[in-house]
Amino acid sequence: MFKWFHRLGSPKIFFEMSGRWQVPLLWLSVVMLTGGAAWALLFVPPDYQQGNSVRIMYIHVPAAILAQSGYVMMSGAAAVFLIWRIKLADVAVKCIAPLGASITFIALLTGAIWGKPTWGTWWVWDARLTSTLVLFFLYIGVIALRSAMERHAGAGRACAILALVGVVNLPVIKFSVEWWYTLHQPASFSLTEKPTMPVEMWLPLLVMVVAYYLFFFAIWIMRIRNEILLTEKNTDWVKQWLATR
Amino acid sequence: MNLFIASVQRDLLVHFRHPSEVLNPLIFFVVVISLFPLGIGPEPGQLKEIAPGIVWVAALLATLMSMDSMFRSDFEDGSLEQVVLSEQSTFIFVLAKVASHWLLSGLPLVLLMPLAALLLFLDEAGIWALTLSLLLVSPTLSLLGGIGAALTVGLPRGGLLVTILVMPLYVPVLVLATAMVQAAEAGSETIGYIYWLLAILFGAVCLAPIATAAAVNVATDQ
């Protein structure tokens, strides 16, 4: 197991292995995204209270889930980089930050669009909205630090420290704003508890969540591969690989 | 412990000889506070209602103004590197830096609080709660801000970046502190908020210097 991880830490081996995963992963996620979206938007019965606007849920909820777990994944990679100094983990942190920021932005945007017909307003200063906004700022901080330190050798470690500080703060932020003010319904989707919504609404949501994750991983891997090619462009194996293209 | 005391003494001495760096954030604080009545209108009722928020946001901005200089001069003259290379603990050194930053920027703000509260027509209970909340929170602000200051110390024009990095981390204490002042104004119990702010402070004392010391190591490593 550890040996496998260690081997994966080498850019060259990661590049070769991910080259095999990338295409099936991307296809699977695209098929699931289109299938899940078609199911959710066309075939799921409208909600008795919210009508058709409930369908935004299938775009919004997976994005909101992924926004948070994306930050946890980023800080996981940051911890790996700080502890074992695996270069690839730093590349992973660098590549996931803009992705996480965009998925958080999608969650905020679709939330606003969903809020207009159901709450009658685009934005409320509610606990979950606010903590998602703060999460967005945390992502922006990591991206800003990275771009400011572009020419510094310590950029990776500095960003990793910041990501870890953020992940320690995340529960505190969530808790404090929840205490502050809340209008948003509590999470109605969880793997461990019995769902509060009927199966015909719950199942397409599950498909969409899995599809979002797969798509996220696929794009993440593609970005990492690009970054590897850029940083290793003077090595023999990249030159050989490019020659075969 | 010797390192801690020596470092705090040195910082205080340096800043007493060049007081403008200490005074500017305080003046900034008072100016920002006095801008709000000019912008919103001088009615006491309205100002009293939003006073905790105004004072708190102004205090946060003033703290961030002075944050940038926490490690900068030490970084530029090389003494930061000497401390990291020496066998002294970077953790203690960082804690001393944060302590002197608090003595020079947090404590004066606490002392200015009653004045600011009077400008905005807070009643007595509100003034006490405001001052107490800042006394409890300002060390946390210095501790968290130290992380941002250490991360950006090697960068030109790091000041704005510190704000972006640190502001999200300030959300919990801002929320709790303003809630405490509002509770005190409404005449209800504030002890729960005090416990929470203390808990966050102790957590920050234990954890934040670890991150700051790591960031100092990164900054001096290149």
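What pattern does chain A follow when read along the sequence? Chain A follows the pattern α-α-α-α-α-α-α-α, and its secondary structure comes to eight helices and zero strands. Here helices (H or I, at least four residues) and strands (E, at least two) are DSSP runs, numbered from the N terminus. The model is a predicted one, in which local features need pLDDT of at least 70 and side-chain atom pairs count only at pLDDT 80 or more, while totals for chains, interfaces and linings use all residues. Residues are numbered from 1 along each chain as its sequence is written, and chains are lettered from A and ligands numbered from 1 in the order in which they are written.

Along the principal axes, its C-alpha atoms fill a box of roughly 60 × 40 × 30 Å. Of its 245 residues, 37% count as buried; a residue is buried if 20 or more other C-beta atoms lie within 10 Å of its own, exposed if 12 or fewer, and partly exposed in between, with C-beta atoms placed from the backbone. Two residues are in contact if their C-beta atoms, again placed from the backbone, lie within 7 Å. Among the contacts in chain A with a separation of 6 or more, 77% are accounted for by residues 24 or more positions apart.

The domain assignment divides chain A into domain 1 (15-44 + 215-245) and domain 2 (59-184), with bounds that come from an automatic or database domain assignment. The centres of these two domains of chain A, taken over C-alpha atoms, are separated by 22 Å. Their contact takes seven residues from domain 1 of chain A and nine residues from domain 2 of chain A.

Two helices of chain A deserve a look of their own. Helix α2 (residues 11-43) of chain A has 33 residues and reaches 44 Å from its first C-alpha to its last, close to the expected 48 Å; the expected span of a helix is 1.5 Å times one less than its number of residues. At S18(A), α2(A) bends by about 35°, the bend being the angle between axes fitted to the seven residues ending there and the seven starting there. Which residues of α2(A) are buried? They are P11(A), S29(A), G36(A) and A40(A), and the buried residues of α2(A) pack against α3 (57-84), α4 (87-119) and α7 (199-231) of chain A. One of these partners, α3(A), has 28 residues and reaches 40 Å, close to the 40 Å expected. After α3(A) comes R85(A), whose phi is positive, near 55°.

Chain B has nine helices and zero strands. Its C-alpha trace spans about 55 × 35 × 30 Å along the principal axes. With 222 residues, a compact globule would have a radius of gyration near 17 Å, and the 18 Å of chain B agrees with this; the radius is taken over C-alpha atoms, and the globule rule is 2.2 Å times the number of residues to the power 0.38. Buried residues make up 49% of chain B.

Finally, the two chains meet. The contact takes 24 residues from chain A and 23 residues from chain B. On the side of chain A that touches chain B, the elements giving two or more residues are α5 (127-148) and α6 (155-180) of chain A, and the largest share, twelve residues, comes from α6(A).
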